[in-house]
Amino acid sequence: MEMYIDPHLHAVSRTTDDYEAMRKAGVVAIIEPAFWLGQPRTEVGSFKDYFSTLVGWERFRAKQFGIVHYCTIGLNSKEANNEALAEEVMELLPLYATKEGVVAIGEIGYDDQTAAEDKYYRLQLELAKEVELPVLIHTPHRDKKKGTTRSMDVSEEHGLPPQMVIVDHNNEETVKEVLDRGYWAAFTIYPHTKMGSDRMVEIVKKYGPERIIVDSAADWGISDPLAVPKTAALMRKNGIPEEHIRMTCYQNALTAYSQSGQMEESDWLAPEPVDQRLKHAGNSVLRGGQTPRVEGSSEAVEN
Amino acid sequence: MSASNLSPQVIDYLIDLLSTQAEADSMNWLKNQSGEIKGSAKAMKLYIAFGKASRHFDKVPLQVSEAQTKEAEQHRKGFTPSAWDKLQTARAILILSYPQTDEGLWFKTMNQLFETGDMQELKSLYAALPILPFQDKLLERAIEGLRTNMTLVFDAVSLDNPYPSEYFDERAWNQMLLKAVFMQRPLFLIQNADQRANENLASILIDFAHERWAAGRNVMPELWRYVAPFFNDSRLEDIEKAVDSDDIMEKQGALLACHQSPFPKAKAYLSKFPEIQRDIKAGKITWESIGKTFAETLIKN
């Protein structure tokens, strides 16, 4: 069965039905970027609990369905505009940035492109350099083209190499410059708006598979947690070579984010022994060559 | 019990244990971090090292010799590093290195670790409870740890850990046991559980068994262990029902409980199953064997 990675998915707002469907469709790993919650938070404690959920409960929840969960940590651009709060959040970030399974600083960048957004974007680029993590850039939905160019300009001003930076929410207008400058170009597949699967197929046809990453960014809005496997299916139907599908829907995300040292294929193909105390000698139930682990049934907790 | 003076010895013990099974570079990193944390009360130093330990140590189970197991017992009764992995051992060394002279500061720093911990970090923190200082003031923290639904974290408090049986009152203890049954955790790894068996717990567990049966589901075989000391005529009827189960584990568990029970009718009932009785007497059927087999069936299903 094909394996997919969805490198941008806000799992806190998805149901267990989604997790089950994703696993069935071949999603073996997801990355959950820290973002806002649809409305601005007013207390730093809300950020702390949110970040703790990303590295704690959500990781456990995904595991129950045989999906390995990673996350990125950062202060999003929208909430960077509350400067008093932003200062407090910045103090929290180092505590989370170096934790296991944190594969990038993100998603950061611009929304309204205000001075405050610029300030915290730059501070977090510096943090990424310090902790040696890749950066996930959220490009603005409005004034996107200029905002995308500016995001890359500022990143280069701070000396980050393009191969350490994933630029997300691209479209036909931004992709060429992002690829030409050596960045990873991620595409969020949304039903109805922004990028659709059919447009994605055309982009892969035009630009090839190199450094292109497909994701769902599924969250609490209209979105589809199966966007990656569905786009792969559409590519297949349109005659895109299997290797190109593998790169855009699996391998490129793995290559980009494994630069963190916090993500590798063996995490889902050959996991570390889970609990030796409960296993009899020779029991290999939890290990298996190329079969992704599904340790769900023994871990599932009734509520 | 104040473990404040215990930490340096436990640190040395754990460093010795880990040294033989970790990379020299990783051990050097750990010793440096431990030294720097000892020399400064700056919490951020500990936080960063605590997180970054995963870049130096993996989660492979710790190999502990018999002599080393005994030594652990000497440092702290019930302390079971054989249930630990390398990463959590390194993390235990780091938290024990943090200065304990200012109790208020120590709790402030540890609370932040508990509140911001990832799944594996929480596991290492809770499993370290028995070797932390200020034992009697960690009670609420230990109980809080059991409110999780993350199996790994629940296990760190409840399994292979002497803390609950020493500090929990009956209410908290019974909650832990009941939740462990509910989550189908391996009960045989709960320390001193026979000593803490009580009538209230037996009664709650019987109610739980009835609920499971009403829902057409099996009852976890290890459950009967904690009912065994409190058998009576009506509970023996429940036992007979469990023995009638198609599930061999459930049958074995119920009959092992009869073997352990001081209730004379239970012994008489057991004698109707001579083969199982023989295996029980020969030590072939134990709570450990039942618990392990049951856990395996969970993994396979």
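Modeller: Before the first packing angle, a definition: axes are lines fitted to C-alpha atoms, for helices over the stretch in contact, and angles run from 0 to 180 degrees between N-to-C directions. Please also keep in mind that this is a predicted model.

Colleague: Understood. At what angle do α5 and α7 of chain B pack?

Modeller: Helix α5 of chain B, residues 86–97, packs against helix α7 of chain B, residues 119–127, at about 60 degrees. Their axes are 9 Å apart.

Colleague: How are α5(B) and α7(B) oriented to each other, then?

Modeller: The angle is about 60 degrees, and therefore α5(B) and α7(B) are oblique to each other. The crossing of α5(B) past α7(B) is right-handed.

Colleague: Which residues make that contact?

Modeller: From α5(B) there are B:L87, B:Q88, B:R91 and B:A92. From α7(B) there are B:Q120, B:E121, B:K123, B:S124 and B:A127. By class, the contact of α5(B) with α7(B) comprises 3 nonpolar, 3 polar and 3 charged residues.

Colleague: Let us move to chain A. How do α2 and α4 pack there?

Modeller: Helix α2 of chain A (residues 44–55) and helix α4 of chain A (residues 83–97) have axes 9 Å apart and pack at an angle of about 25 degrees. Angles under 35 degrees count as roughly parallel, so α2(A) is roughly parallel to α4(A). Here α2(A) passes α4(A) in a right-handed crossing.

Colleague: And which residues of α2(A) and α4(A) make the contact?

Modeller: On α2(A), the contact is made by A:V44, A:F47, A:K48, A:F51 and A:V55. On α4(A), it is made by A:L85, A:E88, A:V89, A:L92 and A:Y96. The residues of this contact divide into 8 nonpolar, no polar and 2 charged.

Colleague: Now the backbone. Which peptide bond in chain A is cis?

Modeller: The bond from A:G106 to A:E107 is cis, with omega near -10 degrees. A:E107 lies in strand β4 of chain A, residues 102–109. As background, most peptide bonds are trans.

Colleague: What is the phi of A:A217?

Modeller: A:A217 has a positive phi of about 45 degrees, although it is not a glycine. A:A217 is in the loop between β8 (212–215) and α9 (227–237) of chain A.

Colleague: Is A:A217 buried or exposed?

Modeller: A:A217 is buried, because 27 other C-beta atoms lie within 10 Å and 20 or more count as buried.

Colleague: Where is B:Q184, and what is its phi?

Modeller: B:Q184 also is not a glycine, and its phi is positive at about 55 degrees. B:Q184 is in the loop between α11 (170–182) and α12 (199–214) of chain B. With 17 C-beta neighbours inside 10 Å, B:Q184 counts as partly exposed.

Colleague: One more residue: where is B:H75 found?

Modeller: B:H75 is found in helix α4 of chain B, residues 66–75. B:H75 is partly exposed, with 17 other C-beta atoms within 10 Å. Leaving aside neighbours within four places in sequence, B:H75 is in contact with B:L6, B:Q9, B:V10 and B:Y13.

Colleague: How far is B:H75 from B:I131?

Modeller: Their C-alpha atoms are separated by 8.7 Å, and B:H75 and B:I131 are 56 residues apart along the chain.

Colleague: Finally, how is chain B divided into domains?

Modeller: Chain B is divided into domain 1 (7–168) and domain 2 (199–300). The C-alpha centres of domain 1 and domain 2 of chain B lie 36 Å apart.

Conventions:
Residues are numbered from 1 along each chain as its sequence is written. Chains are lettered from A and ligands numbered from 1 in the order in which they are written. This is a predicted model: local features need pLDDT of at least 70, side-chain atom pairs count only at pLDDT 80 or more; totals for chains, interfaces and linings use all residues. Helices (H or I, at least four residues) and strands (E, at least two) are DSSP runs, numbered from the N terminus. Angles under 35 degrees count as roughly parallel, over 145 as roughly antiparallel, 65 to 115 as roughly perpendicular and the rest as oblique. A crossing is left-handed if the near helix is turned anticlockwise from the far one by less than a right angle, and right-handed if clockwise. Two residues are in contact if their C-beta atoms, placed from the backbone, lie within 7 Å. Ala, Val, Leu, Ile, Met, Phe, Trp, Tyr, Cys and Pro count as nonpolar, Asp, Glu, Lys and Arg as charged, and the others, Gly among them, as polar. Domain bounds come from an automatic or database domain assignment. A residue is buried if 20 or more other C-beta atoms lie within 10 Å of its own, exposed if 12 or fewer, and partly exposed in between; C-beta atoms are placed from the backbone.
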